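Subject: Structure handover

Hello,

Here is the structure I promised you. Please open it and keep it beside this email while you read.

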Amino acid sequence: MKQLNPGRTLRRVLVIHKDSTYQTQALEKKDTRFLKLLAEGSEVVKTVPKTHEQHLHSLAQVVAALEARGIAYDVVNRAEPFTVAEDVDLIITVGGDGTFLHSARECSDIPILGVNSAKPSSLGHFCLADGDTFGEVLDSIIAGKRRWHRLARLQLVLNGEELAVPVLNEVLVHDVHPAGPCNYILTIGDTTEVQSTSGIYVSTASGSTAVNRSAGGRILPITQRQFLYLIREPGMRPGVDWKLRKGALSPHAQVKIVSRMTDGRIYADGKYGKEYPFLQGDELIVRLHPQDVRAYIDPTVNSRYQVIK
């Protein structure tokens, strides 16, 4: 476990950044549709060039701040394979929440600091700094005025085998077709129910303000070690009332889902996470992961949100 002590100079940091949409669509893929929309000044893409400039500027600010303090660093693109040197004391992500989530999966034993590289267009829920405030936040970490916080993750066990993807936000189970019914047997504690819904979420406290909140779920403080489950659009027959609709679970609880779908899916941490088949008879166990993420975050950040009903 790596914890920065008061007054300690960082030996080395690893900066993990994303490519902006402009870099990906215009410069790398040379997407003709995207380029046409840009040329036409379409509302759909009009902020993309400015966001690209903001992202590059923020990355340059991070590098400049490290150099000004004489801190050794490596810069890697999250899209490329990379290794973490043994002497790395801190991970710095430059992008948004997607970059933070990706890095948290890869570097769970090293403290992480998120930098929101395009604040006007990016939520940056996990990002304690932006390009302008990075130097100040970094100094407070080195001086021991800030400490990292533990963020709980989910462990997924599919048919008895642990999946190599610790989940920081949420896992979603549903049919491969978005409009298809999600059929499964759900067991929590001593209660088992056969359900047909549009899907089921299991979320961490960190992910409680994301889709869980949007679907009417409870919000937990980001450092809370409880986790949540919530079913989407329950397809209950007349006269049936399921007990397992949504709730907060203790750190020692588990959720068991057995698939009744011919072509179901498990989505771990959304679009940019991992996807797994979930076929008839497959069994998924979801519980808290034994290893937390250590992150420099605002521990009160979830209090800004209210449940959407």
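Below is what I found, sorted by topic.

**Ground rules**

This is a predicted model: local features need pLDDT of at least 70, side-chain atom pairs count only at pLDDT 80 or more, and totals for chains, interfaces and linings use all residues. Residues are numbered from 1 along each chain as its sequence is written, and side-chain values use heavy atoms, with hydrogens and water left out.

Helices (H or I, at least four residues) and strands (E, at least two) are DSSP runs, numbered from the N terminus.

**Two sheets**

Start with the strands. Strands of a sheet pair through backbone hydrogen bonds, either parallel or antiparallel. Two strands pair here if DSSP finds at least two bridges between them.

(Axes are lines fitted to C-alpha atoms, for helices over the stretch in contact, and angles run from 0 to 180 degrees between N-to-C directions.) Look at β13 (residues 227–232): it pairs with β14 in the antiparallel sense over four bridges. L230 has K246 in β14 as its bridge partner.

Another open sheet also has six strands, in the order β8-β7-β18-β15-β10-β11. The pairing is antiparallel here too. At its edges stand β8 (161–162) and β11 (191–197). Inside this sheet, β10 and β15 pair over five bridges, in the antiparallel sense. The bridge partner of L186 in β15 is I257.

**Cores**

In soluble globular proteins, nonpolar side chains tend to be buried together. Buried means under 20% relative accessible area, exposed means over 50%, and partly exposed is in between (1.4 Å probe, protein chains only). A nonpolar core is a set of buried Ala, Val, Leu, Ile, Met, Phe, Trp, Tyr and Cys residues joined through side-chain atoms within 4.5 Å.

The largest nonpolar core has 32 residues. L156, V173, V255, I257 and I266 have the most contacts inside it. Strand β10 (residues 182–188) gives the most to this core, with four residues. A second, separate core has 21 residues, including V13, L90, I92 and V137.

What does I257 touch, leaving aside neighbours within four places in sequence? Its contacts (heavy atoms within 4.5 Å) include V173, Y184, I185, L186 and F278.

**S259**

S259 lies in strand β15 (residues 254–259). Its relative accessibility is 3%, so S259 counts as buried. Its side chain reaches the backbone oxygen of L279 at 3.2 Å. Beyond four places in sequence, S259 touches N183, Y184, F278, L279, Q280, G281 and D282.

**Helix α5**

Helix α5 (residues 134–142) is mostly covered, with seven of its nine residues buried. They are F134, G135, V137, L138, S140, I141 and I142. What covers them includes α3 (48–68), β3 (88–95), β4 (112–116), β5 (127–130) and β19 (293–296). Just after α5, G144 takes a positive phi of about 80°.

**Salt bridges**

A salt bridge is a side-chain nitrogen of Lys or Arg within 4 Å of a carboxyl oxygen of Asp or Glu. By this rule, the count comes to 13.

D74 is in strand β2 (residues 72–77) and R12 in strand β1 (residues 12–17), so the pair ties together parts 62 residues apart in sequence. R12 also meets D87, at 3.5 Å from N to O. D87 is in the loop between β2 and β3, 75 residues from R12. Relative accessibility is 31% for D74, 22% for R12 and 28% for D87. Each counts as partly exposed.

R265 forms a salt bridge with E275, with the closest N and O atoms 3.1 Å apart. R265 lies in strand β16 (residues 264–268) and E275 in strand β17, so the pair ties together parts 10 residues apart in sequence. R265 is buried, at 15% relative accessible area. E275 is partly exposed, at 47%.

Best wishes

Notes: A polar contact is a pair of N or O atoms within 3.5 Å; within protein, one must be able to donate a hydrogen and the other to accept it, and residues adjacent in sequence count only if both atoms are side-chain atoms.
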